[in-house]
Amino acid sequence: MSDPPTLPGRLKLSLQSPQPTALKALPGAGPATARRLKDRGYQDQLDLLLFLPRTYRLTTRFCSGDLIRTRRPAYLEAYGEVVHLSRPGPQSRAPFEVHVDVDGARLKLLWFRLPFRGFDRKFRMGATVHFEGAVDYDRGGQIAHPTAKVVGSPTPQAPSMALEPVYPSIEGIRDSLLFDMIARALDTLGPHLKEGVPSSCLNGQEFPGIEAALRTLHVRDGADDAEALSQAVTRARARLVYQEFFDLQHALTVRYIEERRAARAPRCEERELGRDLVRGLPFPLTSDQKAAIASIADELSSTVPMRRLLQGDVGSGKTVVALMAAAIAIGSGVQVAFMAPTDILARQHLSRTEEFFDGLDLTWGHLAGGQPAADRRAVLQGLESGDIPLAIGTHALFQEGVKFHNLGLIIIDEEHKFGVEQRQALLSLGRDPHLLAMTATPIPRSLAHAVFGDRDLTIIAEKPPGRTPVKTVLRDSSRAPRMWSYLADRIGDTGEQAYVVFPLVEKSDAVARRKSVIEGAEALANGPLKGLRLGVLHGRMAPDEKAAIMDRFAAGDVQVLCSTTVIEVGVDVPNATMMVIQNAELFGLSQLHQLRGRVGRGTADSLCVLLTSGPLTDDAALRLKAMVDSDDGFALAETDLRIRGPGEFLGPRQAGLPEFRFGDILGDAPWMLAARRDARRLLLGDASR
Ligand code: ADP
Ligand code: MG
């Protein structure tokens with residue numbers, strides 16, 4: 001399978017008709033200047049137009065002596081006559097000073113190092129100097145390191161004020177040259193620039209055209225009204241951001257259309273099994289669940305393969321939505337593969353399936369690593385012959401030897417735990433199967449659109465009724481003894497259960513991790529939690545051992561489960577109401593939220609204790625505070641994104657993250673949503689998905 005073409009990220013300008021765009025065509029740009037620009041990633045004049053000012057400065061042009069006497073212009077340009085010169089000797093540390101007279105007002109220009117050798121030789125008493133720079137009135141009106149040049153006599157002009165662009169400096173290129181090059185490029189290329197975004201979309205946003213936007217950003221003679229300029233600049237910048245996002249969304253929507261054009265997914269229209277499933281559920285579906293099921297059912301009934309991402313906070317009830325999708329597909333005669341990142345989770349889905357499909361005529365098979373060969377063989381046969389319509393398992397689902405008779409729907413739980421190739425491998429087991437991906441680590445919508453823009457997105461925002469938010473507290477480990485005795489009492493009194501999570505002591509060392517859990521659990525069992533039934537769970541246990549301990553915990557036989565983060569995703573034991581996370585400062589925010597999501601699943605009040613030891617880093621303090629303050633996965637995801645930035649936040653998924661030049665996924669989120677909506681409206685005639 002060939003890789004999809006790379007997606008646009010950084011904004012590129014283009015021309016309506018060919019024009020010379022070489023940097024060296026610009027007056028004053030020698031080979032050295034061109035090379036310096038190229039080193040910074042500016043290959044031609046079009047790139048240079050996107051070299052934006054870092055700020056704007058209020059400048060007084062043709063500043064008069066009267067104005068200087070008011071001590072107001074902070075940054076000025078003026079002509080003056082040299083009235084005093086002081087050239088320090090070669091060993092002196094004193095600056096080179098030129099005192100100038102501007103219609104009777106005096107200014108001192110000074111240089112601690114000369115811009116080039118012999119610079120000072122150009123100045124003579126009585127000469128006219130053109131200069132500009134920032135004035136320090138407190139030091140008797142001095143300008144350190146001004147731009148200055150001896151000139152013939154000036155043509156007098158009235159003073160004027162303008163907000164002027166200040167560019168990031170590039171070593172070896174004078175600011176004024178850079179400025180002139182950009183102005184020149186804008187003059188010659190501006191009228192030939194391609195708009196880049198269809199006018200129907202631009203007008204909807206009331207954006208300036210590309211040339212106008214660039215003029216606002218670069219041009220010197222502009223407003224002297226800071227407020228008006230700032231608004232115009234904001235709008236012009238938004239125009240570029242929007243275009244950057246629009247290019248991406250357009251490409252993603254094209255990909256979305258292309259991927260399906262030739263594909264023929266199985267039409268799944270039979271709803272009887274789904275109806276039976278709903279009838280047997282021990283609870284009514286929430287309206288978000290119903291809406292999610294409705295859009296999924298709608299897509300399953302079409303031959304265009306579904307590519308849907310179902311997002312919902314932990315505990316929002318995604319599993320039953322997935323099982324409904326499975327029921328519709330199976331009822332319509334195709335097979336379903338339901339993949340989870342861990343076997344614990346896969347087995348939990350199995351038991352959900354058993355519970356929900358109880359009494360319905362349905363068989364299913366389980367595939368996991370380390371399974372007895374005979375079990376595995378039986379499942380493989382059933383899948384190949386089509387006798388088994390539903391396969392639930394880990395990545396073992398797409399390993400060597402797995403063949404499906406007619407795989408029509410793939411469900412991936414906690415999709416972010418899988419890589420792109422793994423998803424592709426699973427998809428290739430069917431002929432144009434439908435795909436439903438789920439994730440319980442909510443991704444802020446704008447980021448989701450940037451990374452998964454070629455999917456439809458469904459969000460389950462509401463949680464099933466009757467849940468009380470988990471109370472979360474932060475405790476220093478010095479208070480641990482009191483906390484353990486509270487835990488012991490609470491569990492003894494109520495019959496509720498608890499998780500105790502041990503941290504990754506050392507990321508790379510699974511042995512140390514296991515040791516920390518085993519020894520930690522022992523210390524608790526012999527110490528503060530004496531008399532309670534403790535169980536231990538860690539990633540290095542055999543699948544059957546893990547399953548056994550989970551079963552005992554689910555049955556209430558184990559009261560306190562001491563675990564590594566293997567319980568992070570998906571595990572659902574509603575009677576567990578207390579969680580202690582040790583060294584909580586070591587965990588990431590989404591991981592903490594996932595862990596906490598293991599409690600608060602029933603109607604009883606739940607408590608999550610974040611135990612910390614030692615002083616906290618700033619980021620850790622922010623994360624923990626966010627956990628105490630909020631129980632909302634989407635809000636936490638945004639905080640997390642803010643703390644870590646998109647690359648870190650996405651982790652293994654970041655391969656799909658485009659690199660933007662202007663757009664900021666968080667700060668410019670509304671433009672991402674607008675670009676997505678507009679691109680979809682343009683290409684699909686429908687912006688609602
Ligand atoms: P997640 O979205 O994190 O995967 P689950 O699907 O595991 O959440 O659901 C969490 C719990 O909520 C499960 O015990 C599930 O049976 C229960 N549940 C799901 N939907 C509802 C509902 N509509 N009303 C009550 N409980 C529900
Ligand atoms: Mg889940």
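**Figure 1. Cavities of the predicted model.** A search of the whole structure finds 2 cavities of 30 Å³ or more. A cavity is a set of points, on a 1 Å grid over the protein atoms alone, where a 1.4 Å probe fits but cannot get out. Grid points are joined across faces, edges and corners, and a volume is the space filled by probe spheres set on the points. This is a predicted model, in which local features need pLDDT of at least 70 and side-chain atom pairs count only at pLDDT 80 or more, while totals for chains, interfaces and linings use all residues. Residues are numbered from 1 along each chain as its sequence is written, chains are lettered from A and ligands numbered from 1 in the order in which they are written, and side-chain values use heavy atoms, with hydrogens and water left out.

**Figure 2. Close-up of the largest cavity.** The space in the largest cavity amounts to about 60 Å³. Its lining (residues with an atom within 4 Å of a point) consists of Ala440, Thr441, Pro442, Leu589, Ser590, His593, Gln594, Gly633, Leu636, Ala637 and Asp640. At least two lining residues come from each of α18 (589-596) and α20 (633-650); helices (H or I, at least four residues) and strands (E, at least two) are DSSP runs, numbered from the N terminus. By class, 5 residues of this lining are nonpolar, 5 polar and 1 charged. Ala, Val, Leu, Ile, Met, Phe, Trp, Tyr, Cys and Pro count as nonpolar, Asp, Glu, Lys and Arg as charged, and the others, Gly among them, as polar. Because domain 3 (274-460) and domain 4 (470-630) both contribute to the lining, the largest cavity lies between them. Domain bounds come from an automatic or database domain assignment.

**Figure 3. Close-up of the second largest cavity.** About 30 Å³ of space is found in the second largest cavity. The residues that line this cavity are Leu309, Ala448, His449, Phe452, Arg455, Asp456, Leu457 and Arg676. Two or more of them are given by each of α14 (445-451) and β15 (456-460). The lining divides into 4 nonpolar, 1 polar and 3 charged residues.

Figure 4. Helix α13 (residues 420-427) contains Arg423. With a relative accessibility of 16%, Arg423 counts as buried; buried means under 20% relative accessible area, exposed over 50% and partly exposed in between (1.4 Å probe, protein chains only). Leaving aside residues up to four places away in sequence, Arg423 touches Ile412, Glu415, Leu435 and Arg455, where contact means heavy atoms within 4.5 Å.

**Figure 5. The largest pocket.** A pocket is an open set of grid points with protein on both sides within 12 Å along at least five of seven lines. The largest pocket holds about 1500 Å³ of space. Of the 39 residues in its lining, Pro146, Thr147, Arg174, Asp175 and Ser176 lie nearest the centre. Helix α4 gives the most to this lining, with 6 residues. The lining comprises 21 nonpolar, 6 polar and 12 charged residues. Domain 1 (1-62 + 158-257 + 663-689) and domain 2 (76-156) both give residues to the lining, so the largest pocket lies between them.

Figure 6. Thr33, Ala34 and Leu37 are buried in α1 (residues 31-39). These residues cover an arc of only 100° around the axis, which puts them on the same side of α1; the arc is that of the directions from the helix axis to the C-beta atoms. Exposed Pro31 and Asp39 are carried on the face turned away from the buried side of α1. The cover over the buried residues of α1 includes α2 (45-49) and α4. Just after α1, Gly41 adopts a positive phi of about 95°.
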